[in-house]
Amino acid sequence: MALILQPNIPDQDGFYQELLAAHDGLGKAESDALNARLILILCNHIGDREVIAAALKAAK
Amino acid sequence: MTQSRYRLAFELYPYRKVAAQDAPVPERHPIVVVGAGPIGIATALDLAQRGQPVLVLDDHEGIGEGSRAICFSQRCLEIADRLGCGAAMVEKGVVWNVGKVFHGDDRVFEFNLQPETGHKNPAFINLQQPYFEKFLIDQVRAEQNNGLEIEIRGRNRVTALEDRGDCIALSVDTPDGPYSLHADWLIACDGARSPLREMMGLGFEGRVFEDNFLIADVKMTADFPTERWFWFEPPFKDAGQSALLHRQPDDIWRIDFQLGWDIDREKELDEANIRARVDSMLGPEAQYELEWTSIYTFQCRRMERFRHGRVMFAGDAAHQVSPFGARGANSGMQDAENLAWKLDLVIRGLAPEDLLDSYSEERVFGADENILNSTRATDFITPKTEISTLFRNAVLTLAHKHAFARPLVNSGRLSVPCTYDGLSLTGEDRLAGGPARTRPGAPCVDAPLRDGFLLDALGSGFTLLTLNTDAPETFAEAGIDVARLALGADDDPTGALSARYLGQAGTAVYLIRPDQHVVARWPAFDETATRAALRRATGQE
């Protein structure tokens, strides 16, 4: 499966709000750690090394 | 004496002494509207056109200056059209479709509203608020000439009110001194600082955004295209966190600068300082005149409920949003049309007073949707924390290259009317395969007919719209008449009517409210179900 770079999340504004709400009250180090955990969880969910490699490239 | 709080763009209802001021007994009116702004006038017009005499009181003698609300939505124009003044607004307004989003010097992406064809009114127009208001007042004058009872009293300021159970007693101040009035029903359209709300001691809770916006309307004959240009972190000198450039009629351009919280208002409003900012944005060679400037702050908040006995609140008096998305005046116009038909039925004795509670229920629902959308836009445009700034800038960076990030860019979600899903008056959806956009609770979507447009063909009362199927020509339930609008394939030259109202279905029957929202729909006429839906839609179940 190829990396999806077209819009794919329903209710984008609700998603964005939920994402930022997860960081409410966290300091910089805690937020960074949350982001790291989140990335690891999502990568595991994807499970496809080619897709993850393409995502890493797209993010650079 | 009444003091003036602002300068006028148009003096339209100068103070004149009326006999009621010397009456030994207070004059009694079925409906008094306080505030002759766009929402007050639209409400008064709608009620007067339904045959109700309306008195409008305003503490000024005309329309305040300044472009203020400049962006009017399709639904708002459809409401104005039903009231008789939409065409004049569209003719004067500027139609726009393309928006460009910048981050600093970089163009992130552009969008095209690509308005769907087959609507009488455009997706949006830009029009200075004083023109919008003046077209409404012009319509009032036309209706007065047609014999409708609608009166505007300028420099009549309400100073006190008392709920006497069977009426509201008002004390009104004028240049000739105070007098008293009694109103069966009072509609408060007296703006975000609503003095009536204060007098009644009612709360107005919400979130304050600590920010100042500088508006500069500049007049120039420049070559800028008719587009909405929005900058995150604008590259021009001292432009603040965001900036907006948008065209209005008469060669006027609206420029907004987001200045932050700790500013010196006097200094920022100094013409030399404003010119320095505008020069930096438009380039040193731009020739322009400053037409109007202002600094404003905003809050996102609403009243807990919009009905308090015989007093109803509408527009900014009831709810306030951030400017992102043009959801202030546009939602206020929807308040007006929601309230007018309900109050008319209640006064005629055709619906119980409880129907007015559905005004509050539905418009609180709408206000919450608007507050949510405008709050999210504000949080995106002005991130409040380091991490939210980081994510915001990541979205903008990704949006350059990747389509998925563009829908996340939020410079304001433009006003669309809400659908009253699952609320008290909304009925059943029995139309299998029917389009979601016209489901019960939704406002009717316009469509071209063989002659004219669908929304023009809907009556001022309840309508039974039948598509490719039969139903009685007229029918009544509990004294309320329902007019049939029978349409078929011959009436649908473009196929839009079928796409918007039939979807996968071959036939359909829609019960439609006087404010053009769908009550319920079925594949064929069902008398028992239609009667039940009509009772529900008029607060009788």
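Entry one. I kept in mind that this is a predicted model. I looked up the contacts and found that 18 residues of chain A are in contact with 19 residues of chain B. Between them the two chains bury about 1600 Å², and 63% of this lies on carbon and sulfur atoms.

Entry two. I then asked how many salt bridges are counted between chain A and chain B. The count is one salt bridge, and I found the side chains of A:Asp13 and B:Arg413 meeting in a salt bridge at 2.6 Å, N to O. I also recorded five residue pairs in polar contact across the interface of chain A and chain B. The elements of chain A that give two or more residues to the side touching chain B are helix H1 (12–21) and helix H2 (28–46), and H1(A) gives the most, with eight residues. I sorted the residues of that side into seven nonpolar, seven polar and four charged.

I turned to disulfides, and the count over all chains came to zero. For B:Cys189, the nearest cysteine sulfur belongs to B:Cys76 and is 14 Å away, and B:Cys189 is buried, with a relative accessible area of 10%. For B:Cys444, the nearest cysteine sulfur is that of B:Cys418, also 14 Å away, and B:Cys444 is buried at a relative accessible area of 3%.

Notes. Residues are numbered from 1 along each chain as its sequence is written. Chains are lettered from A and ligands numbered from 1 in the order in which they are written. This is a predicted model: local features need pLDDT of at least 70, side-chain atom pairs count only at pLDDT 80 or more; totals for chains, interfaces and linings use all residues. Side-chain values use heavy atoms; hydrogens and water are left out. Contact means heavy atoms within 4.5 Å. Buried area is the accessible area (1.4 Å probe) that two parts lose on being put together, summed over both. A salt bridge is a side-chain nitrogen of Lys or Arg within 4 Å of a carboxyl oxygen of Asp or Glu. A polar contact is a pair of N or O atoms within 3.5 Å; within protein, one must be able to donate a hydrogen and the other to accept it, and residues adjacent in sequence count only if both atoms are side-chain atoms. Helices (H or I, at least four residues) and strands (E, at least two) are DSSP runs, numbered from the N terminus. Ala, Val, Leu, Ile, Met, Phe, Trp, Tyr, Cys and Pro count as nonpolar, Asp, Glu, Lys and Arg as charged, and the others, Gly among them, as polar. A disulfide is a pair of cysteine sulfur atoms within 2.5 Å. Buried means under 20% relative accessible area, exposed over 50%, partly exposed in between (1.4 Å probe, protein chains only).
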